[in-house]
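Dear colleague,

Please find the structure below, handed over for your review. A summary of the findings follows it.

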Amino acid sequence: MKELKGAAVSAGIAIGKAYLFVGEETPDIPRFSIKKQQVEDEWQRFLQAAKSVSGVMQAQFQRDQTKSNKEQAAIIKAHIMMLEDVDFHEQLKAQLEKELQNIEWTLWSLSRKMTAKLLAAADAYLRERAVDIADVSRQLLFKLLDVKQQSLAELTEDVIVVSHDLLPSQTFGMNRTHVKALIMDAGSETSHTAIIARSFEIPAVLGLSDCTKLINSGDIIIVDGNSGKVFLHPNEETLEKYKSELVAFEKNFLEGFTQIDLPSETLDGTRFCFRANIELPPETGKALKFGAEGIGLFRSEFLFLSSGQSAEEEKQYIAYKQAIKLANGFPVKIRTCDLGGDKVNPDYFQNTEKNPLLGWRAIRFSLSMKELFKAQLRAILRAAAHGKAEIIFPLISCVEEFDEALLLLEEAKNECKKLGLAIDSKIKTGVMLEVPSAVLSADVLAKKADFFSIGTNDLVQYTLAADRGNEKVNYLTRGIQPAVLKLIKMSIDAAHNAGIPVAMCGEMAGKSRWTALLAGLGLDEFSMSASTIPEVKRVLRSVKLEDCKELARASLLCSRSSEIDTLLDEFHARFNIKTMN
Ligand code: PEP
Ligand code: MG
């Protein structure tokens, strides 16, 4: 038996067979010059690849048609036509002859040019074609480079997924019913894969460094998402111990439901608002069952994250409306697309940036893709007419970005009005505070915004310059650094001075270890993975606000993360509070 230790990022226990997932990321595209005489050979390689990909697609088409999977079948049909499109062949051949580069590179650069052009188009139909082109080109490239593809969406038996790293889109697209747990070499508590695992209630341990080197497909492993331990080839004694822990965990989880109808208040009756973070609309119903008073963060980019999928205005409108209706009168805060960074749809983004986390991400992407952005704003405005919705703009770094977003929102409202569409023209708008520069400008932003939402996952990452998905630097992000605490306090004070509420939707809001401190700092709203609400509520209900304020005052005087940790330990010991996460 071998024991590994990583970050416990999603609670629960699983015992089962490992499935080593190598992934299907777009490989590095080789680039080399060819001679004129080689053009025909390269072209024949392309034709062979196209024939083979077309064969696979035809089989998929037949399968989807017999299963009456009409939408999927129509997409595949469009892809087959694209593969055989004469114009596309002519353009590719012309570029091959002109630039004399190998066919992989020629195909890659042509598809990038075509998708960029289509994505910038005002016509929604043309923008959708960009996704198709990128998808078909990717499949051709896999064939040309002889890369074998694995897919987590097509799992047919229960497994524990073992991976080096997963894109949020891969995690999101996996067949949830068969994934019993997830472990990875990379990642930490706030990486998006961890967030999705929590939202799917799949036990997960990340940041294990070398689990993919030690574990093979078929090995029996135990994943303890509560302690961060993973056991490879467990002995009988460990197996028995974990079988009974599994039963105890499930019992404890069910007991948490007894908190659900109780108010989110301190012992002395101060109320706080508890909301949930979601990735897709149907999760709203589950959030309310866990006691959420609405949705504090709808990560709308997940509508765009699956490969081969686009989210046009009408599709988005339906999705937002669904969440709003399920919220039953509670508000749904829809965050505009936070694509980029590690949240990439390989069809839109192809890793050309040197520093994606410092690059074309979130509001920066949206502001440069005005038509896509306005389509999203129109969809939200229209859906908001069916209930209560608010808009959050992600990764605002300066006041100008917020100004421009508000301007485009006005344009979107006018466009809807011209078409006679019902909208909520008084929709509230909030700024996500997740870049230190925004917090330093919070006094100005607070005068323009209706609310703030502190995104601590990114705020911590950008304050400490520590990649939230990199296990080598997670010692900087594990606790709470005094610098981060000061920024949280500044955000809360700026909001309250301007008379607006302030929420926190980063993972910190769902950790019961921080609940008393955040309440003491004056946070108004906690938004978290729905399943953590009962635990956070249990802790909030066992503290007095005055004690929390005292804890906050003392913590703000600390110079080290370890000192804050000690204060928290002392506080919980003094009031006999056990925190579970
Ligand atoms: C955050 O950064 O804290 C946040 C909630 O946004 P995301 O995790 O989606 O980046
Ligand atoms: Mg963020």
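By class, which residues make up the shell around ligand 1? The shell has eight charged, five polar and four nonpolar residues, where Asp, Glu, Lys and Arg count as charged, Ala, Val, Leu, Ile, Met, Phe, Trp, Tyr, Cys and Pro as nonpolar, and the others, Gly among them, as polar.

Please note that this is a predicted model, in which local features need pLDDT of at least 70, side-chain atom pairs count only at pLDDT 80 or more, and totals for chains, interfaces and linings use all residues. Residues are numbered from 1 along each chain as its sequence is written, chains are lettered from A and ligands numbered from 1 in the order in which they are written, and side-chain values use heavy atoms, with hydrogens and water left out.

**The ligand**

Of the 17 residues around ligand 1, those that come nearest are Arg299, Arg335, Gly455, Asn457 and Arg468; a residue is near if one of its heavy atoms lies within 4 Å. Another is 2.9 Å, to a side-chain N or O atom of Glu434, and a polar backbone atom of Gly455 is 3.3 Å from a ligand oxygen. Taken alone, ligand 1 exposes 290 Å², of which the protein buries 100%; these areas come from the Shrake-Rupley method with a 1.4 Å probe. The elements giving two or more residues to the shell are α7 (192-200), β10 (295-299) and α17 (456-464), and α17 gives the most, with three. Helices (H or I, at least four residues) and strands (E, at least two) are DSSP runs, numbered from the N terminus.

**Domains and helices**

An automatic or database assignment gives the domain bounds: domain 1 (6-23 + 151-236), domain 2 (36-144) and domain 3 (269-574). The centres of domain 1 and domain 2, taken over C-alpha atoms, are 33 Å apart.

Ala375 lies in α13 and is buried, at 3%.

In helix α3 (residues 86-99) sits His89, also buried, at 18%. A polar side-chain atom of His89 lies 2.7 Å from the backbone oxygen of Leu83.

With kind regards

Terms used:
Polar contact = N/O pair within 3.5 Å; in protein donor to acceptor, adjacent residues only side chain to side chain. Buried < 20%, exposed > 50% of the residue type's maximum accessible area, 1.4 Å probe, protein only.
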